[in-house]
Each structure stands twice: as C-alpha cells, then as structure tokens.
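These are my notebook entries on a structure that I had not looked at before. I set down what I looked up, one topic at a time.

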Amino acid sequence: MADIFEKKESNVRSYCRSFPTIFDRALNAELYSDGTRYVDFFAGAGVINYGHNNPYIKSKILDYLSEDNIIHGLDMFTVAKAKFIETFDEKILKPRGLDYKFMFCGPTGTNAVEACLKLVRKNTGRTNVIAFSGAFHGMSLGSISMTSDKSSRAGAGVPLNNVTFLPYSNTMGDYKKSLEYIQFMLEDDHSGLDKPAAMFLEPIQAEGGVNVAEIEWLKGIRALCDKHDILMVCDEIQVGVGRAGTYFAFERAGIVPDFVLLAKSLSGFGLPFSLLLMKPQFDLFKPGEHNGTFRGNQLGFVGAVAGIEYLIDNDLLGTVNKNAKIIEDFIKSNILPIDNRLTYRGIGMIWGIDFTGIDAALSLDVMKKCFENKLVIERAGSSDALVKIMPPLTIDEPVLMEGLKILETSIRSVLKK
Ligand SMILES: Cc1ncc(COP(=O)(O)O)c(C=O)c1O
C-alpha cells in the first residue's frame, strides 16, 4: 500500500518520512499500524492535547452528528457557535479576567495569523511588524514572513518583507540583553527600525526549539509595547490549551496580550479550527472585509466545548503540572547522566533534549532509533538539534514512563553509552 504514496503523493510530504509506516488506529497516547503499537510523544504537533479519540469529546461529536445538526454554516449564527462563545467566555476568559471578542478565521493556525496581521496593520496604519528569532507562525505568505527558519522561507518564492526579526528572550544569553536591544531599536532614531504595528511572539517557542520565554522578558515586551503604542500578539497555536500547565502560555507572566491566536488542540478532537481573540477596541474589520468559506468549523465548536468541560472536570491542568515534574525528574536522573554535554529545557508537557553540545545531527539518529523502538517523537530548533517531548496531556502515567524509557534507551544506543 505504501507504493501509492510514493507514486502519487506530492514530494512535499514530510512527517511520513520521519515515521514511515501506515497508521490505522489511535487511542489516547497510542498509535497503531497493522497491530503494532507506538507510544505518541508528538501529539500531531500539538493538536492532540486531549488524546486521540478522547471518549468524552467523541461522544459529544457523535451525538451532534446523529441529531442532524448544522455541519457547515459559513459564518451564519448556529447553536454550536453560540455555545462555544458562551462556554469559552464563561469558563476560560472570565475566570482569568480576560475580555476578548472572537473572530473565526479559516480552519488552520496560519489563517488566524493572516487575519491578525491584516488587523494590526489596519489598526495602526503601520506596515512593519516585529517577529523573533526562532519564530514559527505558519507557511502562508504573511505568516511565513514571520517564520524564521531558512528552509521554510526558501519555499516562499517571493521576497518576504515588512517584518523585522529581533532576538527572542534568552536566545542570546541573558533575556535582559534582548530587552535592551529591542528598546534601543525602538527608541534610537538612528536604529533604522520602521515603527512596527505589532510584536508577534510565541510565549514558548515549540518549533523554534522549546524556548520558554522568561517571565520578565514577557513583562518587558508588554511594557515596551505599551510605552510605544505597539500591539502585542501572543501566538498560542502550539503551546496553548493547557500544554504549559496553564490554559494560555502567557498566563505565567500575568500579562494581557492585545490579540491571542489559537488553533491545533482548540477543537479537542483533531479537527481544523482556529480562533483570533482581540481586545474589543481592535475589532476594526468592516463586515466581510476578511472572509472565507470555512470559518468556524461546527464540529470544532462542539469538540472545543466538550474539551473545555473535560479539562475542567478532570483537572487536566493539575495533571500537566504533575507530569511536568515526572518528565523533568526523569530527564535529570536518567537522560542527562548519559552524557554531560546534553542539555534540556521545557515546561508543562513540552520538553526538549538538546544535542548541540555533542553533535546536532545525532538528534536524527535518536528520532529514528526511537521509532524503531516504537516511540513517535519529533525534532525542533536550530539545526533540528533538539528532540521534542510532547505527549498528549491525557497520557497515562505508565505509558508516559514507557515512552521516556524508550527515549533513554534510544539515546544510549545512539551514543553507545
Ligand atoms: C506557533 C505556531 N503558529 C502557527 C502555526 C501554523 O498553524 P497551521 O499549521 O495550523 O497553519 C503553527 C504550526 O505548527 C505553530 O506551531
């Protein structure tokens, strides 16, 4: 059967090259291929926070389908949409003291990024925006202009303009250096920076290599945005919906962004569904000025409501914080001692083991060895030097331990230790 992909599917396919088997079933943190079981430490790049086929969310989606409810409604009013807005507002935003309006964009993360780019420019009348080293915001032309890695940018085919990249948090060492540099760029009239409409940032960079922004850096960026009348956008597409141990990854810093972008795990069930949250005063689009056929996936609304209920009823954020300690303890006690040139970083249920100190290329061998040992795990960061641990938040503890042990064994095998 694999032949059909080789013969007919575009060369652009990528993840299937890392995991060359045909998957047919999945439950929680386990994937199956013709009866062979794999532990999933990838979670669909952050889509499967609630586990594959979460039974509670699935039951709500099946009920919705069996009752002949609305499946596609453009952006017309539907019961599913009303329930989502009410639930998200009451259960997620209000308890956190947040007041945002909701804009439903095209189905995937990059659609929310594109809508937001237009909106920050419209709000300020400025063209330039700030993005950060290590950023990943998507692959369509606007979002790729704010995505930092060379190989993604190379595919754009046109010059990627109107974005200035500045150094993220502590990627240059101390986060204070980054803040000082950004302040200089904004305040010195000979810095050459065109005043930006907005700063787009991921509070934790996932694709960029599990870079967890310092709390003081996030606060510093908020303060600089306030001082200079620049809009602050938090892209929570990969690290939101509980992965950081808080619903939004920016919550750690006690800041309030002007715009928040969500997608991936928002629908609870792996369905494409993106959301742009904005402070009410920035809701400047005229009716239909930004449009699209698939805005507000109805099954996504239903799954998202069920997901929020599941998260609250099962104290999923508590579980993430418990698992964070299990993962970090394991890394410290079992992985770092393998070779003292290994480093790690992370928070909540997103962690990375960095091979830069030995040889960045080893991460590929480790990923392949893990797959041989039935663990699905991906790489990230500069030179892809980091192996990224990102299981579903719902993973059972024995399966989490099993995956961590496979990772340890695989690293030992590659490093011959
Ligand atoms: C932080 C972040 N923003 C935006 C995107 C783009 O989302 P999508 O691939 O759904 O368009 C991604 C995808 O990985 C992401 O991680």
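**Entry 1: surface.** I began with the term accessible area, which here comes from the Shrake-Rupley method with a 1.4 Å probe. On that basis I recorded an accessible surface of about 18,000 Å² for the protein, and 53% of this surface belongs to carbon and sulfur atoms. I note at the outset that the model is a predicted one.

**Entry 2: overall form.** I counted 14 helices and 17 strands in the protein. I then looked up the radius of gyration, which is 21 Å, close to the 22 Å that the globule rule gives for 417 residues, so the protein is as compact as a globular protein of that length. Along the principal axes, the C-alpha atoms fill a box of roughly 60 × 55 × 45 Å. I found that 54% of the 417 residues are buried. I also examined contacts between residues at least 6 apart in sequence, and 72% of them join residues at least 24 apart.

**Entry 3: the ligand.** Which residues surround the ligand? I listed T108, G109, T110, F136, H137, G138, E202, D235, I237, Q238 and K264. Sorted by class, this shell has two nonpolar, six polar and three charged residues. A backbone N or O atom of T110 lies 2.9 Å from a ligand oxygen. For Q238, an N or O atom of the side chain is 2.9 Å from an oxygen atom of the ligand. For K264, a polar side-chain atom lies 2.9 Å from an oxygen atom of the ligand. On its own the ligand has 390 Å² of accessible area, and the protein covers 83% of it.

**Entry 4: helix 13.** I turned to helix 13, which spans residues 362–372. Its buried residues include L362, S363, V366, M367, C370 and F371. What do the buried residues of helix 13 pack against? I recorded helix 2 (15–18), strand 3 (36–40), strand 15 (375–376), strand 16 (378–380), strand 17 (386–389) and helix 14 (397–415). Just after helix 13, I noted that K374 takes a positive phi of about 75°.

**Entry 5: N128.** I located N128 in the loop between helix 6 (109–124) and strand 5 (129–132). Is N128 buried or exposed? Its relative accessibility is 9%, so N128 counts as buried, the limit for that class being under 20%. I looked up its side chain next. A polar atom there lies 3.4 Å from the backbone nitrogen of V163, and the side chain of N128 also reaches the backbone oxygen of D194 at 3.0 Å. Beyond four places in sequence, N128 touches N162, V163, T164, L193, D194, K195, P196, A197 and A198.

Entry 6: I compared Y310 and I312. Y310 is found in helix 11, and I312 is found there too, the helix running over residues 298–313. Y310 has 19% relative accessibility and therefore counts as buried. I312, at 41%, counts as partly exposed. Leaving aside neighbours within four places in sequence, I found Y310 in contact with Y50, N54, Y56, L316 and T394. I also noted C-alpha distances: Y310 and D396 are 86 residues apart in sequence and 16 Å apart in space, while I312 and K91 are 221 residues apart in sequence and 8.5 Å apart in space.

Methods:
Residues are numbered from 1 along each chain as its sequence is written. This is a predicted model: local features need pLDDT of at least 70, side-chain atom pairs count only at pLDDT 80 or more; totals for chains, interfaces and linings use all residues. Side-chain values use heavy atoms; hydrogens and water are left out. A residue is near a molecule or strand if one of its heavy atoms lies within 4 Å of it. A polar contact is a pair of N or O atoms within 3.5 Å; within protein, one must be able to donate a hydrogen and the other to accept it, and residues adjacent in sequence count only if both atoms are side-chain atoms. Ala, Val, Leu, Ile, Met, Phe, Trp, Tyr, Cys and Pro count as nonpolar, Asp, Glu, Lys and Arg as charged, and the others, Gly among them, as polar. Helices (H or I, at least four residues) and strands (E, at least two) are DSSP runs, numbered from the N terminus. The radius of gyration is taken over C-alpha atoms; the globule rule is 2.2 Å times the number of residues to the power 0.38. Buried means under 20% relative accessible area, exposed over 50%, partly exposed in between (1.4 Å probe, protein chains only). Contact means heavy atoms within 4.5 Å.
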